[in-house]
Amino acid sequence: MAKILLCEDSPFFAQAIAMTLKNAGHEVIHALDGQLGLDQLKLAPGTFDLILCDIMMPNLDGFGVLKAIKADEGTKNIPFIFLTGKADMDSVDRGTQLGASDYFIKSNVSMDKLVELVKKHI
Amino acid sequence: MASLYDLELQESNNLISALAAGGQPLSLKMMADMLSMPDMKTQLEDPTTEMGKSYARMKQLEKDMIQIMKEEGMTTELAKEAQLILTRNPASIADLADKEKDVIQKYWLTKKGLMLKLQNKGYTAQEIFA
């Protein structure tokens, strides 16, 4: 079982993701934007096994979250997966260069694919 | 500098993906996938659970979206074409060929009408962009 931080500003989509991952035996902590996500990491340092993060979010976008995580010794090695509606290659490249572990485009999402992707990185 | 794609996603998040999928919100696509699991199916089909309420709401949104897409002239093809153009990350409308400009402008105009009708039906932005 993994403890997963999910940063996603769509409550409906987050609900579906969380339910899928909880059904697969994981604990999911949901944050509605990037800054709230970073706050969750500070509240419980060293306890998260994976971060699933949308790119387009208010307050702090996914790229901002990734940069902050990589700049912190306590979080830089947590696997980070973009779960995003941004389907352009520039975003994929940018995420990879910043150190994202993987990338998942929402329009291709399926329950099985998501569970397998998480399993691959924990 | 924000590209046209960034502007599209900032304004309406995943809506373009829903329109390109014929009106099915992304979250509904995910929820529908869960129906193959008996435990999840039970929750989704129970309107007294939070998940059940969301599922029912998203299914209604899909029905209304399909209807309003027809009324406003938003086709799946138009949304797909716009999505293809936008995911190339053009910096501005001026960077597009004339035919592509027409597609984007038609898509944006039609989308505005669609969003207004959905909001008039009582849907929130969070629901429309789910």
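1. The structure holds zero disulfides over all chains; a disulfide is a pair of cysteine sulfur atoms within 2.5 Å. A:Cys7 is in no disulfide, and the nearest cysteine sulfur, that of A:Cys53, is 4.3 Å away. For A:Cys53, the closest cysteine sulfur is in A:Cys7, and at 4.3 Å that is too far for a bond. A:Cys7 is buried, at 1% relative accessible area. A:Cys53 is also buried, at 0%. (Buried means under 20% relative accessible area, exposed over 50% and partly exposed in between, with a 1.4 Å probe and protein chains only.)

2. Ground rules. This is a predicted model: local features need pLDDT of at least 70, side-chain atom pairs count only at pLDDT 80 or more, and totals for chains, interfaces and linings use all residues. Residues are numbered from 1 along each chain as its sequence is written, chains are lettered from A and ligands numbered from 1 in the order in which they are written, and side-chain values use heavy atoms, with hydrogens and water left out.

3. The interface. Next, the two chains together. 25 residues of chain A are in contact with 29 residues of chain B. Contact means heavy atoms within 4.5 Å. The area buried between chain A and chain B is about 2400 Å². Carbon and sulfur atoms give 64% of that area. In chain A, the residues that lose the most area to chain B are A:Phe12, A:Met19 and A:Met111. Together they make up 29% of what that side buries. (Buried area is the accessible area, with a 1.4 Å probe, that two parts lose on being put together, summed over both.) The size of an interface is often given in this way, as the accessible area lost when the parts come together.

4. The largest pocket. About 250 Å³ of space lies in the largest pocket. Of the 16 residues that line this pocket, the closest to its centre are A:Asp9, A:Met56, A:Pro58, B:Asn13 and B:Phe129. Two elements of chain B give two or more residues to the lining: helix 1 (4-12) and helix 8 (125-128). Helix 1 of chain B gives the most, with four residues. The lining divides into nine nonpolar, five polar and two charged residues.

5. Terms for point 4. On a 1 Å grid over the protein atoms alone, a pocket is an open set of points with protein on both sides within 12 Å along at least five of seven lines; a cavity is a set where a 1.4 Å probe fits but cannot get out. Lining residues have an atom within 4 Å of a point. Grid points are joined across faces, edges and corners, and a volume is the space filled by probe spheres set on the points. Ala, Val, Leu, Ile, Met, Phe, Trp, Tyr, Cys and Pro count as nonpolar, Asp, Glu, Lys and Arg as charged, and the others, Gly among them, as polar. Helices (H or I, at least four residues) and strands (E, at least two) are DSSP runs, numbered from the N terminus.

6. Helix 1 of chain B. Which residues of this helix are buried? They are B:Leu4, B:Tyr5, B:Asp6, B:Glu8, B:Leu9 and B:Ser12. These buried residues pack against helix 2 (15-20), helix 6 (76-86) and helix 7 (98-120) of chain B. B:Asn13 follows the helix, and its phi is positive, near 45 degrees. In the segment before the helix lies B:Ser3. B:Ser3 is buried, at 7% relative accessible area.

7. Leaving aside neighbours within four places in sequence, B:Ser3 is in contact with B:Asn89, B:Pro90 and B:Ala91. B:Asn89 is buried, at 17% relative accessible area. On the same terms of counting, B:Ile93 touches B:Leu4, B:Lys101, B:Ile104, B:Gln105 and B:Trp108, with residues up to four places away in sequence not counted.

8. Positive phi. Most residues other than glycine have a negative phi. B:Asn89 has a positive value, near 65 degrees. A:Asn59 is not a glycine either, and its phi is positive, about 70 degrees. A:Asn59 lies in the loop between strand 3 (50-53) and helix 3 of chain A. Is A:Asn59 buried or exposed? At 67% relative accessibility, A:Asn59 counts as exposed.

9. A:Leu66. This residue is in helix 3 (residues 62-70) of chain A. A:Leu66 is buried, with a relative accessible area of 0%. Apart from neighbours within four places in sequence, A:Leu66 is in contact with A:Phe80, A:Phe82, A:Gly95, A:Leu98, A:Gly99 and A:Ala100.
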